[in-house]
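Colleague: I have just opened this one and have never looked at it before. Could you walk me through it?

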Amino acid sequence: MIFFGTIAIAVLIAFYAEKRDKKSGVFWVIVFLSLLCGLRDISVGTDTIHYRSYLSYISHGEPSFMKDEPLFWYLSKLIMSVLGNYQSVFVFFAFVINALIISRLWSLRRYGSFSMMVFLYCCIFYAQSFNILRQYVAL
């Protein structure tokens, strides 16, 4: 039910942004989707619990994970050293992912309805960003 409510709120904000031609609405769609994804419970998503343990190793300076994905390791280490916990990494990467995708959808609004594009993104791709964090960042 929370997911359907999220879609409805995101689409309503997108509709407002589209009708008023306000880029501030785009910002609020990004913030809303990012906070929901980034502040999720550890039980939400198929690999969230694994990311938590992975980020715990990173925060303690475990170098064995660095060899596979050094940029992700350094960024995660930096975010956790500044903001203090693994949840901040989720919020940061969710914001990056949603900012890039929603901003691109906004730039394509002359070809179709922005609120419909946000609806389709939320229905088809948004839930996947809860599960494959590093892959979405790589895209």
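Colleague: Fine. What is the secondary structure of the protein made of?

Modeller: Bear in mind that this is a predicted model. Its secondary structure comes to seven helices and zero strands, and along the sequence the pattern reads α-α-α-α-α-α-α. Of the 139 residues in the protein, 37% are buried.

Colleague: And what is the mean pLDDT?

Modeller: The mean pLDDT of the protein is 85, with 90% of the residues at 70 or more. Among the elements, H6 has the highest mean, at 95, while helix H7, covering residues 133-138, has the lowest, at 68. Where pLDDT is low, the predicted coordinates should not be read in detail.

Colleague: Noted. Which residues of H2 are buried?

Modeller: Helix H2 runs over residues 23-38, and its buried residues are Gly25, Val26, Val29, Ile30, Val31, Leu33, Ser34, Cys37 and Gly38. These residues pack against three other helices, namely H1 (2-20), H5 (86-107) and H6 (114-124). As for its length, H2 has 16 residues and reaches 22 Å from its first C-alpha to its last, which is close to the 22 Å expected at 1.5 Å a residue.

Colleague: Let's stay with H2 and H5 then. At what angle do they pack?

Modeller: The angle between H2 and H5 is about 145°, their axes are 8 Å apart, and the crossing is right-handed. On the H2 side the contact includes Lys23, Val26, Ile30 and Leu33, and on the H5 side it includes Gln87, Phe90, Ala94, Asn98 and Trp106.

Colleague: How do H5 and H6 cross?

Modeller: The axes of H5 and H6 cross at roughly 145° and come within 9 Å, and this crossing is right-handed. In this pair, Ile97, Asn98, Ile101, Ile102, Leu105 and Trp106 of H5 meet Phe114, Met117, Val118 and Tyr121 of H6.

Colleague: So what about the largest nonpolar core, how many residues has it?

Modeller: The largest nonpolar core has 24 residues, and those with the most contacts inside it are Leu33, Ile102, Phe114, Val118, Tyr121, Cys122 and Tyr126. The elements giving two or more residues to this core are H1, H2, H5 and H6, and H5 supplies the largest share, with six residues. Apart from this core lies another one, of 11 residues, among them Ile58, Phe72, Val89 and Phe90. In soluble globular proteins, nonpolar side chains tend to be buried together.

Colleague: You listed Tyr126. What does Tyr126 touch?

Modeller: Leaving out residues up to four places away in sequence, Tyr126 touches Phe3, Thr6, Leu33, Leu36, Cys37, Asn98 and Tyr121. Across the protein, 63% of the contacts with a separation of 6 or more are between residues 24 or more positions apart.

Colleague: Changing topic to the phenylalanines: is Phe4 buried or exposed?

Modeller: Phe4, which is found in helix H1, counts as exposed because its relative accessible area is 59%, and the cut-off for exposed is over 50%. Phe4 and Cys122 are 118 residues apart in sequence, yet their C-alpha atoms are 9.4 Å apart in space.

Colleague: And why does Phe119 count as partly exposed?

Modeller: Phe119 counts as partly exposed because its relative accessibility is 33%, and that class lies between the cut-off of under 20% for buried and that of over 50% for exposed. Phe119 is found in helix H6, and beyond its neighbours within four places in sequence it is in contact with Ile7 and Val11. Phe119 and Ala10 are 109 residues apart in sequence and 7.7 Å apart from C-alpha to C-alpha.

Colleague: Where is Phe125?

Modeller: Phe125 is in the loop between H6 and H7, and with a relative accessible area of 42% it is partly exposed. Not counting residues up to four places away in sequence, Phe125 touches Leu120 and Tyr136.

Colleague: One last thing, what is phi of Asp21?

Modeller: Phi of Asp21 is near 55°, a positive value in a residue other than glycine. Most residues other than glycine have a negative phi. Asp21 is placed in the loop between H1 and H2, and at 49% relative accessibility Asp21 counts as partly exposed.

Note on methods: Residues are numbered from 1 along each chain as its sequence is written. This is a predicted model: local features need pLDDT of at least 70, side-chain atom pairs count only at pLDDT 80 or more; totals for chains, interfaces and linings use all residues. Side-chain values use heavy atoms; hydrogens and water are left out. Helices (H or I, at least four residues) and strands (E, at least two) are DSSP runs, numbered from the N terminus. The expected span of a helix is 1.5 Å times one less than its number of residues. Buried means under 20% relative accessible area, exposed over 50%, partly exposed in between (1.4 Å probe, protein chains only). Contact means heavy atoms within 4.5 Å. A nonpolar core is a set of buried Ala, Val, Leu, Ile, Met, Phe, Trp, Tyr and Cys residues joined through side-chain atoms within 4.5 Å. pLDDT is the predictor's confidence in each residue, from 0 to 100. Axes are lines fitted to C-alpha atoms, for helices over the stretch in contact, and angles run from 0 to 180 degrees between N-to-C directions. A crossing is left-handed if the near helix is turned anticlockwise from the far one by less than a right angle, and right-handed if clockwise.
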